[in-house]
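This report describes one protein structure in short sections. Please examine the sequence and the model before reading on.

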Amino acid sequence: MENHIFTIDIHTHILPEVIPDFANKFGYGGFVSLDKKIHKPDGSCCAKMMIDGKFFREIEENCWSSKKRLEECKNFGVDVQVLSTIPVMFAYWAQANDGLEWSKFLNDHIAEICTNNPKYFVGLGTVPLQAPRLAIQELERCKKIGMRGVQIGSHVNDWNLNDEHLFDFFTACQDLEMSVFVHPWEMMGQEKMQKYWLPWLVGMPAETSLAICSMIFGGVFEKLPHLKVAFAHGGGSFPSTIGRIEHGYNCRPDLVAVDNPINPRNYLGKFWLDSLVHDEFTLKNLIELIGEEKIALGSDYPFPLGENIPGKLINKMRLSNEIKENLLHKSALDWLGLKKEYFL
Ligand SMILES: [Zn+2]
């Protein structure tokens, strides 16, 4: 492809094609299962994600088939996908050892795909953060099986990401050079958001801001300056409310700066955001605010609220080639600790 810029998509989700009956095995529900596949007349294939017999979401073949994904990547001009599970699979509510077994199952699946296609896929694991000691154990195993980092939720049950229970885990991520991708999940206020898909439109951006603010004010970034964290959906509502957040820090330090005396604005440019904002003006502002070296293409492939042609917004914008290179792969490589040559 002429003028093609090497493209890495850091935000894509994948599932195993067959999921064992974990609810039956563990003796309680809540785990996702896949209803048997439906072959459509046009030759495509889909399946229903079910939780305790209740329909959650219909997914297409590209959600589990690496072959289908490679075909679509080729069509879209995506050279590498970073694979992570779907946030509904975090299962932080499960019993500790069950959460570990569940995580291992999902991680082995992603690791195998990456091992078989090392030039096209990079893996992020999932860990049972409800049991931080086991999460560290699985993080170490993820590293051994070739994963470059982990995807975690925007909170873990009653813990925000500044919670002291999670600090050793983040320390281990820094020490092992495992990158962290923070994805909103279990959205706040859902009970008041029954209509209009509001948990996804309002709750998710708020969750991501919750995660960023918790890590800033809790001093996680301050204490772990080499921890590499990327947040989904362009940082949710955080970037557009940074003025308010900083003003809050200035006018009520007694409430805001109790665990970290440093101005939240100082952390802009110290973590990564994906580019998934669906809006030129917003992406331009993000580049101004945190710098093109900290924004990496993320599409949320293969889901409809994502960018259905990954990189389309970046590619159509009037930006210098240098900025596009950062957004399309350099920021991602830096976050993952990889060199482009790794994929060539
Ligand atoms: Zn996503």
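## A buried strand

Strand β1 is joined to strand β6 (residues 80–84) by 4 bridges, and the two run parallel. Strands pair if DSSP finds at least two bridges between them; strands (E, at least two residues) and helices (H or I, at least four) are DSSP runs numbered from the N terminus. Within β6, Val 80 is the bridge partner of Ile 8.

The model is predicted: local features need pLDDT of at least 70, side-chain atom pairs count only at pLDDT 80 or more, and totals for chains, interfaces and linings use all residues. Residues are numbered from 1 along each chain as its sequence is written.

Because 6 of the 6 residues of β1 (residues 8–13) are buried, this strand is largely enclosed by the rest of the structure. A residue is buried if 20 or more other C-beta atoms, placed from the backbone, lie within 10 Å of its own.

## The whole protein

The protein has 12 helices and 12 strands. Its radius of gyration, taken over C-alpha atoms, is 19 Å, close to the 20 Å that the globule rule gives for 344 residues, so the protein is as compact as a globular protein of that length. That rule is 2.2 Å times the number of residues to the power 0.38. Buried residues make up 45% of the 344 residues.

## Two domains

The domain assignment, which is automatic or from a database, gives domain 1 (8–16 + 64–343) and domain 2 (23–62). Their C-alpha centres lie 25 Å apart.

Key
Buried ≥ 20, exposed ≤ 12 C-beta atoms within 10 Å, placed from the backbone.
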